[in-house]
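Work through the exercises below with the sequence and the structure open. Try each task before reading its solution.

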Amino acid sequence: MTLSTPDGRLQIDWARAERMHPEALRFSDDGAARIFACRFHDAFDHGSHRLARFLADRLPHVVDRCSRAVVIRELTLCLASGRLLALRREPTYGRGGGWARDMPAQPKAPSRAPTAPNASWFEVEVVDEVGVPIPGARVSLRTDSQSTGTLVTDGNGQAHVDVEWRESGASCSVDPTSLIEPLRSRWDQPRQREWLDRGPDRSIHLLHGSDSIQASVLAERRHTFVMRPWCTRARLLGLYFDINKAFLLPVAKAALHSLKDLLCDEHELLIVGHTDESGDPSYNDPLSLERAASVEALLHDDVASWLEWYGTGVPDEKRWGVHEDRMMMTSRPDLPEATSSYGSVVHWYQATRGLTVDGYVGPVTREHLVREYMAALRPTQSALSIPIRSIGAGESYALSASSTGVDPQERRRVELFFFDRRLGVQPPPPPSTLGPNDTSYEAWLRRARETRDFEEPNHAERLVLELPDDLDEGMGGDVSLVLATGSGTIAIKWGDAERDHDHRRFVFQGVRRDAVTTLKAARGPHEVVLWESQKLDELEDDGFPMWLTAVDALSKNLGGKE
């Protein structure tokens with residue numbers, strides 16, 4: 001596809017790839033003698049977002065298969081990371097304006113000279129997330145016509161190659177298998193140094209399963225690959241467990257089934273149980289571990305472990321019995337409106353499952369019931385084969401108090417951390433229970449670049465906003481976010497919002513998804529409108545990034561002292 005722009009023409013070769021991988025896009029010029037590569041510093045750059053929207057509008061066959069917002073988001077991130085290069089001619093005097101005219105040209109290449117007039121060179125650096133070089137990484141480069149073969153990074157994590165042809169850029173890939181052992185020992189330890197971010201000639205990559213590690217690189221410029229550990233966190237928030245018990249309630253089904261895409265052979269799973277603060281730590285610590293182990297047993301189809309909770313050796317307050325039996329039976333989708341014709345719900349269950357009908361939940365009936373109930377909750381048809389570890393955190397690392405809008409019972413939660421299976425859980429967890437000052441948990445949070453929250457339906461009607469806590473320095477404690485709905489207003493002070501790793505989390509309770517809302521940030525007589533008269537569903541599907549103007553306005557107009 002050839003696009004006309006104010007500064008010339010761009011030739012776009014589009015190849016459909018699984019999950020819209022960035023390398024499925026390649027830009028090339030249409031024969032201009034001088035080429036400039038347009039790069040952007042981050043995903044909040046106005047130019048990258050405008051260019052992404054421009055391209056999305058001209059790729060109708062792609063937008064037909066993916067939502068426009070998804071295409072814009074992917075293109076923006078690719079441009080920001082340097083994995084997608086927009087190549088254009090040097091601007092000519094007399095041509096019109098437009099987005100292409102505003103794009104900065106790359107700085108001149110370093111002074112290293114090519115070996116011949118028609119030759120050039122490529123240089124690649126591979127480092128970890130804090131910038132420590134990775135020696136022994138296998139690298140390959142390919143242009144449209146040539147391949148350099150396999151290069152190996154030296155002790156400085158660098159690989160250099162001189163080529164006997166003139167090229168402006170190439171596609172570079174790093175063999176992920178060559179990174180496993182060098183990174184294993186590093187990532188087994190908590191690391192406190194700041195992580196590198198993307199920038200010009202620097203791309204960020206996650207070491208994850210079979211995902212390729214590729215980027216477009218420019219000739220006669222060093223390109224840095226920054227490797228980060230892959231981790232995704234899922235949180236089951238709210239009343240998924242009965243008080244004092246490890247029994248998973250029927251409402252957990254929807255949340256567990258939403259995790260199906262993460263429960264694959266490429267991953268290893270760590271389950272962390274948390275309790276509320278209603279009991280003594282000596283009681284809550286083992287209870288949190290028991291809840292995590294209950295989820296593990298479910299995923300492994302370990303019926304025997306669940307049946308042990310009915311045993312006489314289990315404390316009365318934790319033991320399962322008639323109450324749990326009835327919840328499992330009444331959650332069956334084929335339960336009729338009335339079971340009186342059978343005599344009781346137990347008679348109905350036994351009759352419809354081909355069991356001996358005696359109205360008594362004995363060992364045979366109970367095992368059949370538990371097995372059927374676990375199969376309904378489990379997101380996969382059979383038991384998982386992936387490694388799973390379970391630990392408890394008790395009251396440690398609880399969410400903040402209810403003054404921030406968090407229900408105290410929501411702290412009764414389970415977190416699932418998914419790691420790359422080849423590396424396992426990093427840093428390794430303690431044998432059973434996390435202490436209040438355990439550095440492993442903070443490291444897991446830091447490495448989890450994605451968090452999926454699943455809430456018990458009775459608590460699901462609310463709006464959760466997350467803003468980076470690096471705005472704290474400029475915000476006074478009296479800055480408030482004020483959400484106006486048709487039924488009133490809800491205000492949360494900046495200092496009262498809970499801190500969740502590197503974000504401030506604002507939770508507005510009682511907000512329906514279809515509500516029309518207006519959000520403002522206020523400090524004394526000053527206020528900034530972040531959005532106005534918007535439906536929440538529409539906000540979620542809007543272009544990327546949604547917070548571009550909002551964050552700017554917050555820091556410029558409300559930061560500091562009055």
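The exercises cover charged pairs, a sheet, nonpolar cores and aromatic rings.

The model is predicted, so to speak of local features a pLDDT of at least 70 is needed, and side-chain atom pairs count only at pLDDT 80 or more, while totals for chains, interfaces and linings use all residues. Residues are numbered from 1 along each chain as its sequence is written, and side-chain values use heavy atoms, with hydrogens and water left out.

**Exercise 1. Salt bridges**

Solution: 
1. Start with the term: a salt bridge is a side-chain nitrogen of Lys or Arg within 4 Å of a carboxyl oxygen of Asp or Glu.
2. Glu-372 and Arg-353 meet this with an N to O distance of 2.7 Å.
3. The whole structure holds 22 salt bridges. Asp-128, Glu-129, Arg-186 and Arg-191 are linked in a network of them.

**Exercise 2. Accessibility of charged partners**

Solution: 
1. Buried means under 20% relative accessible area, exposed over 50%, and partly exposed in between (1.4 Å probe, protein chains only).
2. Arg-422, at 30%, is partly exposed.
3. For practice, take the salt bridge of Lys-520 and Glu-527, at 3.3 Å. Lys-520 has 29% and is partly exposed; Glu-527 has 47% and is partly exposed as well.

**Exercise 3. A sheet and its helices**

Task: Give the order of the 5 strands in the open sheet and name its edge strands.

Solution: 
1. Two strands pair if DSSP finds at least two bridges between them.
2. The order is S16-S15-S17-S14-S18, with mixed pairing.
3. Strands S16 (388-392) and S18 (450-455) each pair on one side only, which makes them the edge strands.
4. Strand S15 (residues 267-273) and S16 run parallel and are joined by 5 bridges. Val-272 has Ile-391 as its bridge partner in S16.
5. For angles, axes are lines fitted to C-alpha atoms, for helices over the stretch in contact, and angles run from 0 to 180 degrees between N-to-C directions. Contact means heavy atoms within 4.5 Å. Helix H11 (residues 439-447) lies across strand S14 (231-237), S15, S16 and S17, at about 70° to S17.

**Exercise 4. Cores and rings**

Task: Name the residues that touch the most other members of the largest nonpolar core, then classify the ring pair of Trp-309 and Trp-320.

Solution: 
1. A nonpolar core is a set of buried Ala, Val, Leu, Ile, Met, Phe, Trp, Tyr and Cys residues joined through side-chain atoms within 4.5 Å.
2. The largest has 49 residues, and Leu-248, Leu-269, Ile-271, Trp-306 and Leu-416 touch the most other members. Apart from it lies another core of 26 residues, including Ala-170 and Val-174.
3. Rings of Phe, Tyr and Trp (its six-membered ring) pair if their centres lie within 6.5 Å; planes under 30 degrees apart count as stacked, over 60 as edge-to-face and the rest as tilted.
4. The rings of Trp-309 and Trp-320 have centres 6.0 Å apart and planes at 15°, so the pair is stacked. Both Trp-309 and Trp-320 are buried.

Conventions: Helix = DSSP H or I, 4+ residues; strand = E, 2+ residues; numbered from the N terminus.
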